[in-house]
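Me: I've got a model open and I'd like to learn how to read its strands and helices. Can you walk me through it?

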Amino acid sequence: MKFFEKLILFMCLILGSQSWALSDVFLSKTDYDKKELELITYSEGLILWRQKLNSHFEKMAQTTRDNNGTIDPRELKDLRQLVGEFHDIHAPRFKSFQDIKPDLLDGDHIISLTSKKSRIEKKLRFSSFEQRERRRRGMRFSKKKVLSFDINPVDELGERFLKHFRLQLTAKLVWLESYTLGFAPFFETGVFRQVLIRDLEQEADTIKLESFWFDYMEDVVKSQSLSKALKTYRKFAKRQASESEGFYLNKYDKYHHSVMNAMITKNAVVEELERFSGGDNFFQSMFRNMSFMAKRRWDGYRKFGVASLYEGSKIFGNSVGLVQTRHGFMYTWDKAQEKEITDKLKALDVLFEKTPFRLTDRFIPGFFGHNAIWSGSEEELKELGVWEHLNEEFQKGVREGRRVIEALRPGVQFNTFRHFMDIDDFAAMRMRDCEEGESPWKDGKDSIDCLNKALKKEYLIAAFDQVGKDYDFAFDVNTEETIVCSELLYRTFLDVDFETTLTVGMHNISPDQVAKKGINGPFEYFIFINEGEYVEGNSSDLAERILSLMR
């Protein structure tokens, strides 16, 4: 730096240090007490929530390992519920702490310890930066209005400053701890991180977890300023404790003082900050940063790969889907023949079809090429308590005769059975109803053997929730934002252990893998039409015939 530039910077600093007396910048005692109690309540709620989330992570991790990477749909639904609980606890409270001014943790303000009377001043803070543009080389200066705190923690103003500082620091540590002990294990596990980022952020009632994760990682990766704030608080609190005994004689104040201090000293993030703060453990911090960036880079590569596969498959599927050599054998059936089938169907029956005259059928592994769910009539839906959960469009559709929920290339739709009937082969299977007092779960198994009224209601609502989603041309059952026909069953029957297949790094499910549950699972076939002709026999006979065609 040249002599004149140094001189200019020195003069700016002198002029910028002019100060003005500043009136009350902190919360009033009443407002502070309210915020303090609100923070304690907020922290207690998050502790209970973290206990449930940690237990759920262990369960999901074990189940996913047992399933070779496939996420259990019931456990994913429970994760969604826990994310919603976090939103209910976090969103309405944390923003109120972020809005408290001045922000003593941002590193902009000047904070120093003094043995004199506490004082607060406005100052101009100058920083220099070097411009390297061809025509504007040399040093330049920026200025910012900041507050300068000369604090003696044993006088009244110093006490108010320390309380304000502690409130902001504790709020920051509490929400960071929620991620360190709560969400971080999910985000550090690739398959769970992808689900949270790709699915949950799409929901209107969620909290954009990926952006919060970035905030969390930024605070940990760039933790030097927070670590410095923690050291500053400890230094000021130690000085206050050694020189003053009169501030916390009130039982209420003394109790809250001890609780707030414990929320800092026993916070899990404090240890994390001390281990990985950039200034104190540079190499550890560097490797953590590299690990974090590697995860994000891999996410980017994977996202690009999935998007490429998705778009390629979409173009291919839509092109091949246009090729149809004829209509199906059941296409010409009259209304009486159609009614003969629909009269036998009940809510949650699983429908299958085969269309060998469509080119897309040649690329689907196995015998069946498509499946769907029968929604049931208005009377059935009302009896099961589902009707009141349906929007007006669904209710209107049911009254117009729509019964089939299916995932087609344009997306998940709610159609009539006539729309479904351009097919050669048709099958329907059903899970039996539980007897009175019978549990759907047998011998402590995770998969069910029968349906009770509560499960029927839950599954039907889950099926209707899929309507409107895009078709999943990547065929990945671990994603919820897009759905294929067989995945519709996977997302509806949350407690049925369907078989999946790992293909090109993604888990997928075929219609035949669903159909196997009617052969060696809890479902039973009660209708099978092969090449337009009814196949006679009981459920075992139908299952045996279908199995012979699947081989």
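Predicted model: local features only at pLDDT ≥ 70, side-chain atom pairs only at ≥ 80, totals over all residues.

Me: Okay, strands. What is on each side of β5, and is each side buried or exposed?

Reply: The general idea is that in a regular strand the side chains alternate between the two faces of the sheet. Here, H370, A372 and W374 lie on one side of β5, while N371 and I373 lie on the other, and all of these are buried. Both faces of β5 are covered, then. The count for the strand, residues 370–374, says it too: 5 of its 5 residues are buried.

Me: Which strands does β5 pair with?

Reply: On one hand there's β4 (residues 350–354), which runs antiparallel to β5 and is joined to it by 4 bridges. Look for F352 opposite N371 of β5. On the other hand, β6 (residues 404–408) is joined to β5 by 2 bridges, also antiparallel. There, W374 has V404 of β6 as its bridge partner.

Me: Now the helices. How do α2 and α3 pack?

Reply: Two packed helices are described by the angle between their axes and the distance between the axes. For α2 (residues 29–66) and α3 (residues 73–98), the angle is about 160 degrees and the axes are 10 Å apart. Angles over 145 degrees count as roughly antiparallel, so α2 and α3 are roughly antiparallel to each other. Their crossing is left-handed.

Notes. Residues numbered from 1 in each chain as written. Heavy atoms only, no water. Axes fitted to C-alpha atoms, helices over the stretch in contact; angles between N-to-C directions. Parallel < 35°, antiparallel > 145°, perpendicular 65-115°, else oblique. Left-handed = near helix turned anticlockwise from the far one by under 90°. Buried < 20%, exposed > 50% of the residue type's maximum accessible area, 1.4 Å probe, protein only. Pairing = 2+ DSSP bridges.
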